[in-house]
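Open your viewer and get ready to select residues by number. Which spots are worth a stop?

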Amino acid sequence: MAVAQETLQHLRSAGLSEVDPEIAELLTAELERQRGQIELIASENFTWPSVFEAVGSVPTNKYAEGYPGKRYYGGCEVVDEIESIAIERAKSLFGAEHANVQPHAGAQANMGVYFAALQPGDTILSMKLDSGGHLSHGLKVNFSGRLYTIVGYGVDRETSLVDYDEVLALAKEHRPKLIICGGSAYPRAIEADRFREIADEVDALLMCDMAHFAGLVAAGLHPNPMPHCDFVTSTTHKTLAGPRAGFILCKEEFAKDVDRAIFPGMQGGPLEHTIAAKAACFKIAMTDAFRDYQSQVRANADALGETLMQGGLDLLTGGTDTHLLQIDLRNSEWTGKDAEERLHEVKLTVNRNTVPFDERPPTIGSGVRVGTPAATMRGFDEDDFREVGTVMVEALADAPELPGLNARIDALCAKRPLYPGFRGYTTYAA
């Protein structure tokens, strides 16, 4: 018993490396992986140290079912303040009438809107997955495709841009209850105003999923969809550079329905430590420094795109308005899967992706999706991304000199170190 009591007392103040050195070592290994390669996955980013602190903070201990001032648990006076601050900052940042900051992720934010606005079986008009849409917008095996009737719109075969004539024709034919704009692999700006016109013509609600470009919206570098939409959903971990989580913005008339849909409709106790991190993320996104960061994200995307095209690679739409580029490999000998694996060999992390009218399955794909937020967070500028683009082109050429390409990536990583002095997890100080 005495030994057990000593162990319990030790656990009350011990850090991770003492309690579970195996996991601690793996976390450090993951940090070294991130430091030693260049992250080009468009949906990933490196968050701020302040967000790490908030995510690892004491509200992880607190149950707080309900909303500020209307909880089902006592002791919520502090987390009420935290969540209220996050709500007000989200509303201010995006010009929204109402915000719900409790969704655990982007898919849950989308689910919350569907539960608030639709009944099972109602029709949703959304972008097809191979045109740049997201699985939670109606993929058959996803909850969205299983619960709702999905009609997909695509892009023009020649330009790879949204075909608004098709969107209007499909809307008139199917009379959807909800139209969704935005996606996960569309490189151009989302024209929410044009979707609003179509939605009004068929008396539909309009939702924009801005998960990918929310940071650009916050910085004024992408049109804000909120004035044109009934609902806007987003994650906080992509261009917003915050914790892995989601949120919903909406018009005031839908506020109660959205709140009820999230709780008690689909989630229990909110993750108040993550909500604290969202609040910090929103505060950072209001600063001039954040706007400078987003401006660099955009400049880097253009520099990377120009370099790839100069090297002979095809890009969907011929470039980007955002942080995201889609490499089209259909005119090459590469599949998306093979290109992803080759680039991994030279320490460039990307993901295979389907392209419009793709004849290959999603597990193989004919495209590669890349983005600039994470490397920009490391401090990469246009010249750095031109070097990255040149390495990509050479890696996908015949008989590349892989050791030499690896050395060039190592030099970039050494030039722009990631989280210097950090070991991959925060330390508890007793």
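Predicted model: local features only at pLDDT ≥ 70, side-chain atom pairs only at ≥ 80, totals over all residues.

**Backbone stops**

Keep one rule in mind: most residues other than glycine have a negative phi, and most peptide bonds are trans.

Select Phe263 and Pro264. The peptide bond joining Phe263 and Pro264 is cis, with omega about 10°. Pro264 belongs to the loop between α11 (255–262) and α12 (272–285).

Next, select Asp203. Its phi is positive, near 55°, and it is not a glycine. Look for Asp203 in the loop between α9 (192–201) and β8 (205–209). Is Asp203 buried or exposed? Asp203 counts as exposed because its relative accessibility is 69%, and the cut-off for exposed is over 50%.

Now jump to Lys347. Here phi is also positive, about 65°. Lys347 sits in the loop between α14 (336–345) and β13 (348–349). At 30% relative accessibility, Lys347 is partly exposed.

**Ring stops**

The whole structure holds 16 aromatic pairs. Show Phe46 and Tyr419. Their ring centres are 6.4 Å apart and their planes meet at 75°, so this pair is edge-to-face. The two residues are 373 residues apart in the chain: Phe46 is in the loop between β1 (38–39) and α4 (49–55), and Tyr419 is in the segment after α17 (402–415). Phe46 is buried at 5% relative accessible area, and Tyr419 is buried at 13%.

Ring pairs link Phe46, Phe52, Tyr419 and Phe422 into a cluster.

**Charges over rings**

Select Arg157 and Phe357. Arg157 lies over the ring face, 3.8 Å from the centre. Finish with Arg194 and Tyr164. The charged end of Arg194 is over the Tyr164 ring, 3.9 Å from its centre.

How values were computed: Residues numbered from 1 in each chain as written. Heavy atoms only, no water. Helix = DSSP H or I, 4+ residues; strand = E, 2+ residues; numbered from the N terminus. Buried < 20%, exposed > 50% of the residue type's maximum accessible area, 1.4 Å probe, protein only. Phe/Tyr/Trp six-rings, centres within 6.5 Å; stacked < 30°, edge-to-face > 60°. Lys NZ or Arg CZ within 6 Å of the ring centre and 35° of its normal.
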